[in-house]
Amino acid sequence: MQMPEPSARVLSQKTQIVTRLREILPEEAVIHGEFETRAYECDALTAYKCPPLAVVLPSSTAEVSAVLKLCHEMGVPVVPRGSGTSLAGGALPTADCVVLGVARLNDVLETDYDNRFIRVQSGRTNLSVTGAVEEEGFFYAPDPSSQLACAIAGNIAMNSGGAHCLKYGVTTNNLLGVTLVLMDGTVTQIGGAYLDSGGLDLLGLICGSEGQLGVVTEATLRILRKPEGARPVLIGFDSNEVAGACVSDIIKAGVLPVAIEFMDRPCIRATEAFAKAGYPDCEALLIVEVEGSEAEIADQLAVITKIARRHNPVELRESGSEEESAKIWLGRKSAFGAMGQINDYMCLDGTIPVTALPLVLRRISELSTQYGLDVANVFHAGDGNMHPLILFDANKAGDLELCEAMGADILKLCVQVGGCLTGEHGVGVEKRDLMFDQFSAQDLEVQLKVKDVFDPAWLLNPAKVFPLVATAARRLEAAE
Amino acid sequence: MKRPVSELELAETVAAAKGPLWVSGGGTRGFGAGNLSVAGLSGIELYEPGALTLVAKAGTPLAEVEAVLAAQRQRLAFEPMDHRALLGTVGEPTIGGVVAGNVSGPRRVQVGACRDALIGVRFVDGMGRVIKNGGRVMKNVTGYDLVKLMAGAFGTLGVLSEVSFKVLPMPEAEATLVCDGLDAAAAIAAMSSALGSPFEVTAAAQIGGQTRIRIEGMAASVAYRCERLLGLLGAGWQVGSGGLWTEVRDVLPFAGRDGAVWRVSVKPSDGPVLTAGLGIAHEVIYDWGGGLIWLLVEDFKDAGAAVIRKRVAGLGGHATLVRAGDEVRAQVSRFQPEPAPLAAISAGLRVQFDPRGILNPGLMG
Ligand SMILES: Cc1cc2nc3c(=O)[nH]c(=O)nc-3n(C[C@H](O)[C@H](O)[C@H](O)COP(=O)(O)OP(=O)(O)OC[C@H]3O[C@@H](n4cnc5c(N)ncnc54)[C@H](O)[C@@H]3O)c2cc1C
């Protein structure tokens with residue numbers, strides 16, 4: 001992976017930049033030492049690292065605005081950062097950038113149960129948003145597996161999903177408003193506690209824009225009342241095809257589970273060894289969860305198990321208690337950790353039409369043989385969002401490159417069958433160079449023009465999302 | 001009137017245009033017949049019930065889409081309104097028109113708006129270039145989300161040629177709880193407590209003095225939730241008859257009557273605040289638990305625009321003038337004016353998508 005040459009002009013001005021940042025922020029909010037900036041050299045895509053020129057940790061929207069205004073005036077690129085859990089390198093710095101971290105902006109500003117929203121500062125973690133409303137029986141629906149650590153800011157920038165988005169939608173479907181600071185320091189309010197936009201849907205555009213259009217400092221989020229209860233059923237099959245067909249049939253039947261998760265044999269074996277959840281040793285496993293009162297849960301599970309039985313499952317285990325539910329989820333929840341025990345892995349995020357599932361799984365296993373790298377599949381089957389984990393050895397010369405090449409082939413396959421490169425992790429730097437596989441030059445040019453409107457100087461997170469060749473002219477102009 | 005029958009022809013038509021293009025689908029949503037119709041781009045291109053996805057050309061009649069879905073017991077969950085009765089228009093609503101206006105109905109409170117169900121678009125920009133964004137899968141964060149941007153852009157950024165949706169199963173059963181005679185504040189409090197309960201209310205409205213709360217799902221579950229909600233809501237509530245929601249969705253009490261019609265979005269508890277002491281005679285229908293307010297006012301002077309828009313801006317929200325006579329239209333903009341920084345961004349986007357300013361010019365500002 002290639003990153004642009006840092007701007008010599010910016011690098012030579014480091015002292016002035018730091019001095020001026022310290023005029024507008026408290027001393028401890030500006031980090032610039034060679035050693036200290038290391039803590040910000042990467043996000044969760046740890047294969048790529050680069051310490052930034054400086055890091056700032058503002059504590060208010062006004063401070064964010066002052067920092068951006070200054071960087072705009074001095075022509076310094078800015079990389080916004082939430083908690084740094086991006087799997088796509090979205091928060092990866094460049095040597096000539098200021099990392100703007102929102103971790104200190106973590107207050108709850110307003111909770112309103114009658115109108116069912118919460119307003120928070122954007123550095124607040126996803127789980128602590130739910131934490132703030134839980135006592136009243138409410139929750140914030142999007143639940144990425146990283147929810148203990150990731151910030152609402154990053155969730156908005158990536159339009160993150162979670163295990164329960166089949167029913168509740170992803171971030172964009174639960175976001176009502178933001179305070180957005182533009183690169184020139186202008187503070188804007190988009191949306192609010194009401195529904196939909198009166199003009200163009202700028203909120204929809206901001207969500208998923210990967211920190212390239214503005215810095216989000218506050219967010220108004222929809223909160224929901226917790227369901228009375230929830231219970232999963234575990235269904236094992238001796239073929240991926242049959243499991244895929246079962247998913248399709250459940251959806252067609254009209255019951256809408258909150259989650260349909262899928263694991264294949266390599267993943268089942270790895271998690272069994274690690275977490276001992278008592279999963280059957282089979283080819284494919286589904287976890288289907290439904291919500292409601294006890295009776296409602298029983299009714300829905302009856303429909304689902306009836307469908308499953310038609311597909312001759314090798315195992316069908318309905319949870320009868322909290323404890324059994326936890327056990328069923330245990331393996332799924334520790335899947336990434338389990339794979340990490342075995343090896344280094346790369347987690348892909350392509351989405352495919354659910355109907356293409358058997359074909360794609362077969363092709364992935366062929367690619368696995370061809371490249372000589374093992375793959376485990378664990379994903380949100382209800383919405384076709386795949387997470388193939390390619391195992392490799394970071395210490396073995398050439399293995400990372402081999403793994404990246406195989407990853408690219410899998411993602412291209414997702415696009416070929418009518419899907420896309422990324423369902424919830426974002427493009428970042430990781431999938432940047434595959435964008436021409438999904439979009440025409442014209443499709444991408446329109447997106448670049450959108451950035452031209454919000455950030456004409458191309459200073460906000462400029463080396464992400466789009467292939468470097470597509471943005472070269474715009475970035476070079478900014479660097480001079 | 002130009003009436004292309006393919007996306008390519010549509011692109012050529014736009015590229016060759018020398019002056020303004022007034023785009024129309026079925027012409028039912030109160031924007032006139034226009035001089036460029038997309039009704040010729042018609043047909044469902046893909047429907048996979050097992051994947052809950054449907055792709056259709058923009059000019060496909062909404063009725064055709066709904067019929068095809070209904071045959072598999074599925075639907076567009078956002079319940080798009082039919083504007084014909086309210087606006088006194090005739091014609092066949094198209095799926096592209098639904099998207100261009102981000103048209104949603106009572107179920108918006110629970111499942112989201114048209115923009116939330118929309119997963120992909122193809123469109124022709126103001127230079128005649130064909131652009132795609134999103135696709136046919138439910139989860140997609142590849143590049144900027146222009147899909148949302150196109151929903152509710154009223155054809156000012158591009159002419160839609162194809163739209164893709166996430167659809168949902170039709171429930172087995174439906175029931176509505178009703179209560180007569182609540183004042184606005186009490187009605188909204190009741191609707192808020194129902195919407196804030198775990199019982200998955202799929203619509204809450206007050207219309208003609210009656211407050212209504214809808215529950216949908218498997219039969220036994222609907223019965224159970226009705227019972228629990230009746231317990232929660234207290235005296236005066238009972239199970240109502242069927243067929244109470246078309247009237248709400250299509251704002252039928254204001255159809256065929258004199259007067260201008262406003263559509264206002266605020267947070268639910270602001271509804272009574274907005275309407276109390278407006279200083280102009282009005283009738284009101286609350287949908288979305290009180291968050292969507294339909295106002296019928298006298299079709300005279302500015303139809304209350306000055307006071308309504310000022311109050312809405314103060315509370316946070318927006319007011320759209322959905323129906324009015326020519327005299328009012330001449331002095332009142334259809335959409336709520338945006339604060340300066342947002343207006344500048346919107347104008348900037350229009351210039352990028354339509355550099356010649358020929359797509360529905362001036363329609364949104
Ligand atoms: C173990 C693990 C599990 C995960 N599981 C999921 C999952 O289930 N679903 C899912 O969707 N993702 C998942 N992720 C990915 C990741 O957690 C999400 O993308 C998350 O939203 C990133 O949030 P963050 O605060 O860490 O953002 P960061 O990593 O700090 O930044 C992410 C992006 O947001 C931008 N950004 C940050 N702050 C702002 C701001 N204030 N304004 C504008 N832009 C900003 C950054 O520039 C960057 O482009 C997982 C990651 C890990 C490590």
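Colleague: Where do I start with strands?

Modeller: Strands are DSSP runs of E, at least two residues long, and helices are runs of H or I, at least four, numbered from the N terminus. Two strands pair if DSSP finds at least two bridges between them. This is a predicted model, where local features need pLDDT of at least 70, side-chain atom pairs count only at pLDDT 80 or more, and totals for chains, interfaces and linings use all residues. Residues are numbered from 1 along each chain as written, chains are lettered from A and ligands numbered from 1 in written order, and side-chain values use heavy atoms, without hydrogens and water.

Colleague: Which residue stands opposite B:Val121?

Modeller: Strands of a sheet pair through backbone hydrogen bonds, either parallel or antiparallel. Here B:Val121 faces B:Val163 in strand 8 of chain B. Six bridges join strand 6 (118–124) to strand 8 (159–166) of chain B, and the two run antiparallel.

Colleague: What is the strand order in the open sheet of chain B?

Modeller: Its five strands run 3-4-8-6-7, with antiparallel pairing. Strand 3 (44–48) and strand 7 (130–134) of chain B are the edges, each pairing on one side only.

Colleague: How many residues surround the ligand?

Modeller: A residue counts as near if one of its heavy atoms lies within 4 Å. The ligand has 32 such residues, and A:Pro80 and A:Ser146 are among the closest. Helix 5 of chain A gives the largest share, five residues.

Colleague: Which polar backbone atom is 2.7 Å from a ligand oxygen?

Modeller: A polar contact is a pair of N or O atoms within 3.5 Å. That backbone atom belongs to A:Gly84. A backbone N or O atom of A:Ser145 lies 2.9 Å from a ligand oxygen.

Key: Polar contact = N/O pair within 3.5 Å; in protein donor to acceptor, adjacent residues only side chain to side chain.
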